[in-house]
Amino acid sequence: MNIVTNRRHFLKTTGSLAVSFSLFDMSLVGAQQAAPVLPGDLKTSPKLSSWLRIEAGGKVRLLVGKVELGQGILTAFTQLCADELDIEPARIVITSGDTFLVPDEGVTAGSQSLSYGGVAVRQASAEARAILLDLAAKKLGVEPEKLTIKDGTISAPDGKKATYWELVTGKELEVPASGLAKIKPTAERRYIGQNMPRLDIPAKATGGQIFIQDLRPEGMLHARMVHPPAYNAKLLGLDSAKIEKMRGVVKIVRDGSFVGVIAEREEQAIAAAEALRQSSQWELPATGPSSETVHDWLLAQKTKDLFIKDSPDKSGAVPANTVEATWRRPYHMHATIGPSTALGTLGADGVMTIQTHSQSVFETGAAIAQMLDMDVAKVRCQHVQGAGCYGHNGADDVAAEVALLARAIPGRPVRLQWSRNDEHKWEPYGSAMVIKTKATLDNKGDILDWTLDLWSTSHGTRPGKKAGNLLPAWMLEKPFELPTPINNGGPNYAADRNGIALYDFPGQKVTTHFIETFAARASSTRGLGAYANVFSIEGFIDELAARAKADPVEYRLRYLKDERARAVLTKAAEMFGWDKWTAEPGKGRGIAFARYKNISTYAAVAMEVAVDKASGKVRVLRVCCAADAGELVSPDGTKNQLEGGIIQSLSWTLKEAVRFDVRGVKSEDWTSYPILTFTEVPPITIELIDRPTAPFLGAGEATQGPTGAALANAVFNATNVRFREMPFTPARVKAGLSA
Amino acid sequence: MPILKVNGQSHNVAVADDAPLLFVLRNDLKLNGPKFGCGLSQCGACTVLVDGQPVRSCVTSADSVAGQEITTLEGLGTTDKPSKLQQAFIDEQAAQCGYCLNGVIMRAKALLDTTPKPTEGEVRAALDGHLCRCGAHNRIVRAVLRASRD
């Protein structure tokens, strides 16, 4: 896998003969029949050559807008392409996330890369294969049905052969996809559904050049930022004259409250940034919410109320009881292990080239162009892998900052890496939330009306082609305003993701109380609102089951009609040994379920915990998870994602909460924001229910919600105390147990 | 001007004495293995071996280890010819983003050098100071145990 494709080389090897060709003559489809709907991102980028090029040297170049985040997506795309194009995976070279070269596939997020990108790669590969087969048929004088293909070589029954590389001489793939090429049936797939080893792991395990941090273009300079001490702080003064003369300092760039320094060496940039920080004076805002008051703050704000579900019980049954509960989630960090990094170069051609690990290269590039007041066609973003991001972290901001710095020193590549402090304090967090649940019950404890109200700030402030979403743009002398956030994507999508319970209650009402301002900077964090919404729904139903003296699995099944949902829930219970489990003092079991977004992967998580009542320490002893992610491209890759989600969610739920006040974020390193460590990670078993004929369902975020809820339910089971505010730190649990 | 012995080769490095070893390895010797994670000795991503001992290169000056044997991830094996330990990580698919792998593998190397047949608990304890955010922990532990078995 090459890291960055050189454009000149690329154009040279793709050929340019002007042959107009279309295998599927649309006139034959018939006037009354609508053209087939193209799958996923093929709809917006239908030209086959946007996705695939038959290249010199027996290679096939796959061009994708979706990017590798450590989730293994480029390996999955390789599997899909290899199968549908009938070539060995080693022939495939991938260019991913280069805005000058690849189809615009929007953002790599929301567990949608297979659902939108995967289906496009698969269909484009099948279409290309059909075209190649037809070219061979003409060349060899044999009907296509009689030809066989092996690794790009097409053979006729008489032994005559033609390879893809002989057949494509020009623009044969510069045609729109027809949507008519058939994808292979399950039995003919060689790579899809198999555990093909990830393409990127060998380099990562041996120090190969694969991360953005490993790029070292000739003449590269190093930069560091001097970020404000707190949100909305204004730079009053900076004594930079002496610092300009420090060893290795090339340039100090100041624009309003934006301050960065460029130096010859990395340690020189760090020293100069520290000296600048010492010499800077800032005006801090007088008042503002803090992490300690944020839940009250959320409830006190003016809200935009969205009634996302309103279907009351019409049975006329008279409630015997009403139960209410309130659930709280703090701000969480993405907390990448490798601080955000970008490289920027303003070329002699006036093009600003940015190497970035952004999830949204096109939209971020457009936002940066607006910030720099440049033509969007003159800003090129090239994706290069960074450390895991789990959503919208500092990646886009550091790309915007490096562009501001590189603009000040044309012709020199500038590399900016954030410090640990920068990343912890300035990335946008997952929003704090308050959720209130209420149920009316009949005299047997069964649910009549279920009501959920949620309060949240935005979960979506990605660049979205707007400079005002970029951190440095707020700090400029002529600042860009943060656009008023919207709860985008319709009901059950963002703050209210999974807010609507999948259970068939007689009545259900869900209201989103959306807050258009911020207590702390927030944006998309793995699962968005789903983590807290599932935490509260699955905690509340567990509470109602306990009141009804019903088994939590059986009680859920009363309301769960979807067969695939029932299957994962019962499977997780069976894996755990739910029916055989016997209670011991200090130990507890919990289970929870959700279908991510109510349209994606089904996941149920069961776990056992031990709670030390003296210290309040919760220890997770084991976790079992059953999931249904539709058709599986890589079962091991799916398990890896689900397991990673479980561990991250355990970390959030047990340990994590961003602390901040008006003077700034106080969670500024791994000591002040601890995460789960090796000795705290429990054994985890995962089983997948494969559905080879069902659509792909993304699995990257499916276990966040069920894990947190199962943990809470297990702690309740162990202690008989219901904890409704995360995280379950020893101090909080101890206080709760002695209350 | 420290003379650094890295992966068996001596390098005369023209940097200030207090330059962090990590930046000398990454920026002057162009090694990709050791990673910048925190600069605070908290996450372990920058770990290298100095005379066989795991050391956090982000808080170690290049000068302080002059003349000692420094081993980085590249010193264990190459992408084409990985070491047994590195191969075990590939076989177990023990990564998601893989940014923490350098530190994890170097710490595991130090463990296996002194404790060739560690228990699972010993592996976890050895790696406890290495942070992984993707949740690849159990795969990583399996990879280390696999390397100790094979």
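1. A quick word on terms to begin: contact here means heavy atoms within 4.5 Å. On that basis, 64 residues from chain A and 53 residues from chain B take part in the contact. Please keep in mind that this is a predicted model, where local features need pLDDT of at least 70 and side-chain atom pairs count only at pLDDT 80 or more, while totals for chains, interfaces and linings use all residues. Residues are numbered from 1 along each chain as its sequence is written, chains are lettered from A in the order in which they are written, and side-chain values use heavy atoms, with hydrogens and water left out.

2. Chain A and chain B bury about 4,700 Å² between them (accessible area, 1.4 Å probe, lost on being put together and summed over both). Carbon and sulfur atoms give 54% of that area.

3. Four salt bridges are counted between chain A and chain B (a side-chain nitrogen of Lys or Arg within 4 Å of a carboxyl oxygen of Asp or Glu). One pairs A:Asp214 with B:Arg26, with the closest N and O atoms 2.8 Å apart.

4. Which element gives the largest share of the side of chain A that touches chain B? That is H16(A), with ten residues; helix H16 spans 635–655 (helices are DSSP runs of H or I, at least four residues). By class, this side of chain A has 26 nonpolar, 21 polar and 17 charged residues (Ala, Val, Leu, Ile, Met, Phe, Trp, Tyr, Cys and Pro count as nonpolar, Asp, Glu, Lys and Arg as charged, and the others, Gly among them, as polar).

Technical notes. Buried area = accessible area lost by both parts, 1.4 Å probe. Helix = DSSP H or I, 4+ residues; strand = E, 2+ residues; numbered from the N terminus.
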